[in-house]
Amino acid sequence: MTVAEVQHADLETLDFGLSGEQRAVQELAREFAAKEIDPLVDEIDEAQRFPKEIFAKAGELGFLGVLVPEEYGGSGLGYVDYVLIISEISQVDPSVGLSVAAHNSLCTNHILKFGSEDQRQRWLPDLATGRKLGAWSLTEPNAGSDAAGTRTRAVRSGDGWILNGSKTFTTHGSVGDVCVVLAVTDPEGAKHHNISAFVLERGMDGFRPGKKENKLGTRASDTAEVVMEDCLVPDANRLGEEGEGFIQALRILDGGRISIAALGIGTAIGALKTATRYAKLREQFGKPIARFQAIQFHLAEMATKCAAAEILTLAAAAAMDGGRPVTRIAAEAKLLAGEVAVFCAERGVQIHGGYGFIKDYRAEKYYRDCKICTIGEGTSEIQRLVIARQLFKENR
Amino acid sequence: MKIAVCMKQVPDTEASLRVRKDSLWIDEEELTFVINESDGYALEEALTIAEKTGGEVVVFSLGGERVREALRKALALGAARAVHLADPAFEGGDALATGRALAAAIQAQQFDLVLTGSQSGDAGFSSTGSVIAGFLGWPHAWLVMGLEVEDGKKAAKVTREMESGVNEIVRLALPAVIEVQAGINSPRYASLKGIMQAKRKEIAAVTPADLGLGAEEVGAAASLLETLAVFFPESGKGAEIFEGDPADCARQLVEKLRKEARVL
């Protein structure tokens, strides 16, 4: 049984007053996920294989340049559309959802938001159409939640910079073509104003992928170390103001949180649909287990939490599209959606009973995949800190 | 080439159906509607031909407000514009009334070719295409599974599926009405750009008067066929279920098919 087989008519996701175009975008993503991703899910998970063929097709349809204006080869859509796309894809495979999210809202978005016109012209058309795959490197072995503790150094050398250091947990670290790397450019500079962002490209001397991680979940999404060893990067590859890379990264993460919230919603809804379908088919004591109140209560609770997370995330996306501040609401959406993903995936396994514990059904996969949602792009704990900080700021 | 594609919007094949209270049709209230399957293939065929020969594809559909969604989708897939036979007077018609209206709408513009699906997924009369051809006075082919417009664009060569697995190839002078089968090609996806471009494309809503037709010539008022009831046949009647060893069941089935049903 797969998600694609679930009748969406009997389990409609929330209608948030979407426009006709937004519904069409959602339908396209749903169709794409069912036809192009669903048949590969089990194989790419087991083999930890990054599915290049899916990304080639996703690029043709515009899923890899969702937020990029048409003048740079993108689709020119907003965050609400983006959330719908990531959610639909993640319902079928959170691995692919995660990769599409990272490509769009981290690497590509950083170049779009902070790149010069030349830089946009240079990289965005290839990224937005999927001819090149984007990676974004912030985290280091000793600088995770404490991103300001970055050690990777960039030292001026003639017209460029020499980069040394290594980054962990880079999505598309091994398969990426274009990688935005955060490095300290002024070790003596003021905290949060001493880091700059650079665009590195596959094949540059001294830039290489390191160890590819063997992960619990989202295994088809490539996560690897990237290593810079005396890597000479032209100054033309530096994004935005010197020393402002960390502040840029925080802005990028605001948007990134919305996309991980969308990943969480998709994972949760995927787990819910899989469990609902199973409950209708699985018979015990002479009737489908869906007829037992114990199972109904699990499903009702899952559905309610999905709806709440979805509304909050769409509200965050709408705020982003409206140019309103999103730091707090994006963190709230990411926190809630992540926790809901874990809740629903766990209940999904429980509803499947013994069959939830083996790989014949996807319940087990959602259970492994969901956990990234409370960790990646800021742990749930960090989200709470961000929310509390904003709360105090707003009530000074 | 200028190609018209006639599309019907039908309930999603995955939807669970209920009969309406008056027993004259299914309850459409909570249904999801999609482009009729073989009409989707007709659209793909039209887009491919237009890409090869130049020209444009115009989609036509008859029905209420919800039909616009199907037309938008066709525009997102690459059709240049759409004509919506939107007036409530058009609705509730049999194939004759619907075909007459569509033929009038097509005739109002110059087309080289009309493409549509061979059968609708709901009513399934398979006759609207022939009626359109009749009103236009154009040649017509049904159950088409291969289509090639000849050089000079004066004729089309089509492969048709006949009974017992026999195929035939026929040549039709253009303009013509061609009804394709599902599976004739691989329909494309819309792209995100296509969806956004569709927003700026025209969907012209037309009334019977716009087409030079009186209200009594279209829709339910003009229908010579009347639906008396729709219902789900009682399930299980006449069914025989074999139980036990599969190989043994298969043997019993073959025996029955041979001796009782006499189909083998």
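Start by selecting B:Val5, B:Leu43, B:Leu115 and B:Ile178: of the 117 residues in the largest nonpolar core, these touch the most other members. A nonpolar core here is a set of buried Ala, Val, Leu, Ile, Met, Phe, Trp, Tyr and Cys residues joined through side-chain atoms within 4.5 Å. Buried means under 20% relative accessible area, exposed over 50%, and partly exposed in between (1.4 Å probe, protein chains only).

Next, select helix α7 of chain A, residues 245-281, which gives this core its largest share, 13 residues. Helices (H or I, at least four residues) and strands (E, at least two) are DSSP runs, numbered from the N terminus. Domain 1 (3-133) and domain 3 (247-394) of chain A each supply at least three residues to the core.

What you are viewing is a predicted model: local features need pLDDT of at least 70, side-chain atom pairs count only at pLDDT 80 or more, and totals for chains, interfaces and linings use all residues. Residues are numbered from 1 along each chain as its sequence is written, chains are lettered from A and ligands numbered from 1 in the order in which they are written, and side-chain values use heavy atoms, with hydrogens and water left out.

Colour chain B by pLDDT, the predictor's confidence in each residue, from 0 to 100. Chain B averages 93, and 99% of the residues score at least 70. The model has an ipTM of 0.84 and a pTM of 0.87.

Go back to B:Val5. Leaving aside neighbours within four places in sequence, its contacts include B:Asp39, B:Ala42, B:Val57 and B:Phe60. Contact means heavy atoms within 4.5 Å. For a second, separate core of 26 residues, select A:Ala102, A:Ile195, A:Ala249 and A:Ile252, which are among its members.

Now show where the chains meet. Chain A puts 26 residues into the contact and chain B 15 residues. About 1700 Å² is buried between them, with carbon and sulfur atoms giving 59%. Buried area is the accessible area (1.4 Å probe) that two parts lose on being put together, summed over both. Two salt bridges cross this interface; a salt bridge is a side-chain nitrogen of Lys or Arg within 4 Å of a carboxyl oxygen of Asp or Glu. Select B:Lys73 and A:Glu27 to find a salt bridge with N to O at 3.2 Å.

Last, stay within chain A and select domain 1 (3-133) and domain 2 (135-243), whose bounds come from an automatic or database domain assignment. Their C-alpha centres lie 24 Å apart. The area buried between these two domains is about 2300 Å².
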